[in-house]
Amino acid sequence: MPVTIVIGSQWGDEGKGKIVDLLSDQVDIVARYQGGANAGHTICWGDETFVLHLVPSGIFHEGVTCVIGNGVVLDPVAVLDEIRMIRELGYEVEGRLLISHNAHLIMPYHKRIEAAREQARDAGAIGTTGRGIGPAYVDKFARTGIRVVDLLDRDVLREKLRVAIEEKNAILRSIYGAEELDVEAIIEEYVEFDQLIDPYVTDTTEYLCHALQEGKHILAEGAQGALLDVDFGTYPFVTSSHPTAGGCCTGLGVPPTAVRRSIGIVKAYCTRVGNGPFPTELHDETGERLRRVGHEFGATTGRPRRCGWLDLVALRYTSMVNGFTDYAITKLDVLTGLDEIKVCVRYRYDGKETTRFPAEVQTLSRVEPVYESLPGWKEDITGAERVEDLPAAAQRYLQFIAGYTGVDISLVSTGPKREQTIHGAGVRIRAAV
Ligand code: IMP
């Protein structure tokens, strides 16, 4: 059986948590392949709302095994807190959550270095989530990182931590003039994690590849969004990993030939947190309205998200890079009530129009969006069960997205709750040929 990948097609916060939660009913394993506690996946059940940062949302589905893959950077304090919260909600975690022994760890010094670096960048700051993601990946690729497996051996951990913290203290002191970290206090805190984390640690690559041979279905969950990918996103205003499809193979160790489906999660408009170019950003009442109605505040940091119209130039680009087989459109209900809905179909740059997405920020920050205007709708769509139940203007909007990008729509979310979803038959909106 295959691997299905779920990827945010924009700058993150497309509503992947709800979609992964829904699809979890159809799979055996949900596996997270990159990022860390910078992600925030929100799930609404009835009146209850949960936010998960590291553990895949499949954990709330009996019979589903969740995996945190080698491509993730794991904050042991954050994951242990999350495990405690899930247990308190009445769900068994042991035996159902597997953490890769090869995943790298986020340590307190990663957060401190990140904070110092962001402060030093001043106006050029990336606007990170402050979770230590970038510095942890730097250590991974500099081959100086500490991995989950190291947590299980107190002597090895002590030695590696001492070397790492002394080096980081030198950087904090001499480059940033920042306060140093207490070597012994960190060592004493982290050596205690061995027994707590041990029940979850395993060779997840071997587990996943055996599962594939046994015919199991894996849902690979990306965090952040394709436009935050360190290679394909709006560098340097990106995260430090690969949310795009390729990251699934390197972040889990599953072969590319096992991937059968790549679902792009597309919010019906665009948002972005942190800094960096955003061609369709709205600085007016409509942008405010999208933020208010869409509750566009970060699930991890609480920061207000920047809001704007749907950018189809960017979406076509991320569809190309990720080979999206189909889209799940989210938050369509947030557009209800607008007289007109704009979608960006081209960029204007240096007097010329183009449909190419220039990921380099020098160009992207200078493009002007060229919009197509579509009619809005006033009817409440949150109870729609089939696409045909939607107002004609909403159907036309969906058709426009599929037609422009050449990707079918297999699911439409019309509200935060599980039942506010149009899926299955009747929702196949054909892309124009
Ligand atoms: P970092 O991942 O914390 O290093 O932040 C790098 C950039 O990615 C910043 O612009 C963050 O706001 C953004 N970012 C990181 N995680 C998320 C997410 O889960 N959703 C949306 N943006 C994110």
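Here is a short walk through some side-chain pairings, in what is a predicted model.

Start with Ser 241. You'll find this residue in the loop that runs between strand 10 (218-221) and helix 10 (245-252). Is Ser 241 buried or exposed? It is buried, since its relative accessible area is 4%. Show the side chain of Gln 34 too: the side chains of Ser 241 and Gln 34 make a polar contact at 2.9 Å. Leaving out residues up to four places away in sequence, Ser 241 also touches others, among them Gly 35, Tyr 137 and Asp 229.

Now for the charged pairs. Side chains of opposite charge can pair when their charged atoms come close. The model has 30 salt bridges in total, and we'll stop at a few.

Select Asp 21 and Arg 418. They form a salt bridge, with 3.1 Å between the closest N and O atoms. Asp 21 sits in helix 1 (residues 16-23) and Arg 418 in the loop between strand 19 (408-413) and strand 20 (421-423), so this pair ties together parts 397 residues apart in sequence.

Next, go to helix 2 (residues 76-88) and pick Asp 81 and Arg 84. These two are three residues apart in that helix, so about one helical turn separates them. Their side chains meet in a salt bridge of 2.8 Å, N to O. Both ends are partly exposed: Asp 81 has 40% relative accessibility, and Arg 84 has 46%.

Move on to Glu 281 and Arg 306, another salt bridge, whose closest N and O atoms are 3.0 Å apart. Glu 281 is in the loop between strand 12 (270-272) and helix 11, and Arg 306 is in strand 13, so the pair links parts 25 residues apart in sequence. Glu 281 and Arg 306 are both buried.

While the charged side chains are on display, select Asp 13, Lys 267, Glu 296, Arg 305 and Lys 331 together: a network of salt bridges links them.

Last stop: Thr 301, in the loop between helix 11 (285-293) and strand 13 (306-308). Thr 301 is partly exposed, with 32% relative accessible area. Which side chain does Thr 301 join in a polar contact? That of Arg 303, at 3.1 Å. To finish, draw a distance from Thr 301 to Phe 278: they are 23 residues apart along the chain, and their C-alpha atoms are separated by 20 Å.

Terms used. Residues numbered from 1 in each chain as written. Predicted model: local features only at pLDDT ≥ 70, side-chain atom pairs only at ≥ 80, totals over all residues. Heavy atoms only, no water. Helix = DSSP H or I, 4+ residues; strand = E, 2+ residues; numbered from the N terminus. Buried < 20%, exposed > 50% of the residue type's maximum accessible area, 1.4 Å probe, protein only. Polar contact = N/O pair within 3.5 Å; in protein donor to acceptor, adjacent residues only side chain to side chain. Contact = heavy atoms within 4.5 Å. Salt bridge = Lys/Arg side-chain N within 4 Å of Asp/Glu carboxyl O.
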